[in-house]
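Here are my notes on this model, point by point. Please read them with the structure open.

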Amino acid sequence: MTDKKLRVVIVGAGFAGLTAAIECQLRGMQAILVEAYPGPTSHGDLLDFTENAGRIFKSWDNGRVGRAIFESGVTAAKTMQFYNQENVLLRVDAWPHGDQVYAGHRGTMHRIVFDYAVEVGVEMRCGKRVLQYLDTEDECGVTIDGGDKILGDVLIAADGPRSLARSQLLKLPEGRVNSGYAIFRAYFEVSDSFKSNPALEELAKEDEDVVRFWVGRDMHGFIYTWNKGRDCAWVLTHLDDANIGESWSFPGKKEDVHSYLTQAGFPNVWHEIVELTPESRLIDYKLVWRDPLKTWVTSSKRGVVIGDAAHCHLPTSAQGACMAVEDAATIAICLQKSNGNVPLALQVFERIRFNRSHTIHQASIFTRNIYHKNDWSLETVQQNPDSLVMPLMDWILDFDAKKTAEDNFEQLASDVKSGREGSIEELALPAGGDYNAMNISATDQFISSTGRDHHVQLSSVAAATQALPLKI
Ligand SMILES: Cc1cc2nc3c(=O)[nH]c(=O)nc-3n(C[C@H](O)[C@H](O)[C@H](O)COP(=O)(O)OP(=O)(O)OC[C@H]3O[C@@H](n4cnc5c(N)ncnc54)[C@H](O)[C@@H]3O)c2cc1C
């Protein structure tokens, strides 16, 4: 680092922005974090961090932050159970134990990370909405509501799926398409009527956290309970024929959930849990798809988008928040190692992250279609034991983002400096498979062409996903 502290302006205090701010601050930079909300949000329901992101949280303050996140969520699950719409148990997997796998309430985890950012000295500008991104020769930063400017040496936009930075910094048109699905989500405290309901008693155990997954035609859902059976969250992906808005707070209606459940033939346990969910805690969230961006770095090479702003995953990747956290740790290391050469840092960052993140981003469509376009019976699963799995392969979980950045920075920096030619897909570090650009309509065409009644043949999917490093 040079003597003068690098001023890093970060927009968005989601997990991407917070992690970037913490990692920059811990590496001797001055992070200024601008967030539209007035403070940490209790919003959100279920969020999972697998070990590829968990090891980043665990690295903070000798494991204290990771331990706090872990203890706030699922600590006592033994298994994850997979059921079909007739409530037939199809598969039982061991729940991944370890002190760097976290699952629980998003809002609680968010507060822990937010508080740590404050503790390490990140300059927080909460309750300030960015109206204009500034990326000129003279100015690198933002204008917030009220007209004040916040300027720095580098600008990291972690402003989420509806990113303003994508249009203002990268000059991209809004590229969202309806994925065809939406997701009901809920988080609430388990009531006495829940505990005494015979259909639900297995779900609220004092001595064991419960993680269950159901899959059927055009629908899949999870129910989690933890904290000695006191906390419950469920999510249910359903067809989006009502064309709901892309917002985190669109209220859901119980009658709608019941109607989708009935249409998909989901079992009674789901109707019962919906009945006992406070309606004020139920939201219906549209799942939109955005094709991979060609680049995340601005033309000045002093600004960049990361996290959901760069690659907004469908929940079926089970990796959106993890990729955001990996991006954030990587960019801090690149900024540190570049000794103040911001354009070099951002280009190396992009080369490290691009292939891995987009491969996982695209795999989320396949996984969704595998879940939704098959008739799941015990025989199907017995004949294809690996067909019904969470799409979490070793190459995703074993990845150490910080080590990867540390180990590869110099070589990639020399490639950038020498102007080594090639597409970003070729130059980015391999994710364990080839980058294979694919958009949602191409994927859906593939799905429609694979058989009668839009069934996805498991063997065809296996062949097609070889391009992606998905092993099914
Ligand atoms: C309120 C909320 C609840 C969520 N709940 C869940 C959940 O329950 N389960 C799940 O799997 N995922 C949830 N997510 C998404 C998940 O956390 C993200 O996919 C993932 O962590 C990626 O994080 P990110 O930091 O890239 O983006 P985000 O988490 O979306 O964070 C972006 C941040 O930028 C801020 N921002 C946006 N525009 C501006 C602006 N112009 N000026 C200032 N600030 C701005 C937003 O307020 C937000 O805090 C939620 C996200 C949010 C914002």
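Predicted model: local features only at pLDDT ≥ 70, side-chain atom pairs only at ≥ 80, totals over all residues.

Which strands and which helix do the buried residues of helix 7 pack against?

1. The buried residues of helix 7 (residues 254-264) are Val 257, Tyr 260, Leu 261 and Ala 264. They span an arc of only 100° around the axis, so they sit on the same side of helix 7. Their packing partners are strand 12 (176-189), strand 13 (209-216), strand 14 (219-226), strand 15 (231-239) and helix 8 (268-275).

2. Helix 7, the other face and the end. Turned away from the buried side is a face with the exposed residues Glu 255, Ser 259 and Thr 262.

3. Strand 12. This strand packs against helix 7's buried residues, and Ala 182 lies in it. Ala 182 counts as buried because 28 other C-beta atoms lie within 10 Å, against a threshold of 20 or more. Along the chain, Ala 182 and Val 288 are 106 residues apart. Their C-alpha atoms are separated by 8.2 Å.

4. Strand 14. His 220 lies in this strand. Is His 220 buried or exposed? It is buried, because it has 26 C-beta neighbours inside 10 Å. Leu 236 is 16 residues from His 220 in sequence, yet the C-alpha to C-alpha distance is 5.8 Å. Leaving out residues up to four places away in sequence, His 220 touches Trp 214, Val 215, Thr 237, Tyr 371 and His 372.

5. The core. How many residues does the largest nonpolar core have? The number is 136. Val 8, Ile 10, Ala 20, Ile 156 and Ile 306 have the most contacts inside it. Helix 10 (residues 342-372) gives the most to this core, with 14 residues. Domain 1 (7-75 + 97-175 + 292-359 + 391-427) and domain 2 (177-289) both contribute residues, so the core lies between them.

6. Val 8 up close. Val 8 is among the residues with the most contacts inside the core. Setting aside residues up to four places away in sequence, Val 8 touches Cys 24, Met 29, Gln 30, Ala 31, Ile 32, Gly 152, Val 154, Ile 156 and Leu 335. Ile 156 is itself on the list of residues with the most contacts in the core.

7. The ligand. Which of the 33 residues around the ligand come nearest? They are Gly 12, Gly 14, Gly 44, Gly 160 and Gly 307. Helix 1 (15-26), strand 2 (30-35), strand 3 (46-49) and helix 9 (320-337) are the elements that give two or more residues to the shell. By class, the shell has 17 nonpolar, nine polar and seven charged residues.

8. Helix 2 is mostly covered, with eight of its eight residues buried. These include the charged-class residues Glu 51, Arg 55 and Lys 58. Also buried in helix 2 are Asn 52, Ala 53, Gly 54, Ile 56 and Phe 57. In helix 3, the buried residues are Val 65, Gly 66, Ala 68, Ile 69 and Phe 70. Their cover includes helix 2, strand 6 (102-105) and helix 4 (106-119).

9. Two backbone angles to check. Most residues other than glycine have a negative phi. Asn 62 is not a glycine, yet has a positive phi of about 50°. Asn 62 lies in the loop between helix 2 (51-58) and helix 3 (64-71). Asn 62 is exposed, because 9 other C-beta atoms lie within 10 Å. Ala 318 is not a glycine either, and has a positive phi of about 55°. Ala 318 is in the loop between strand 17 (303-305) and helix 9. Ala 318 is partly exposed, because 19 other C-beta atoms lie within 10 Å.

10. Overall. The protein has 16 helices and 17 strands. Of its 472 residues, 49% are buried. Take the contacts between residues at least 6 apart in sequence: 75% of them join residues at least 24 apart.

Conventions:
Residues numbered from 1 in each chain as written. Near = placed C-beta within 6 Å. Helix = DSSP H or I, 4+ residues; strand = E, 2+ residues; numbered from the N terminus. Buried ≥ 20, exposed ≤ 12 C-beta atoms within 10 Å, placed from the backbone. Arc of directions from axis to C-beta. Contact = placed C-beta atoms within 7 Å. Core = buried A, V, L, I, M, F, W, Y, C linked by C-beta atoms within 7 Å. Domains from an automatic or database assignment.
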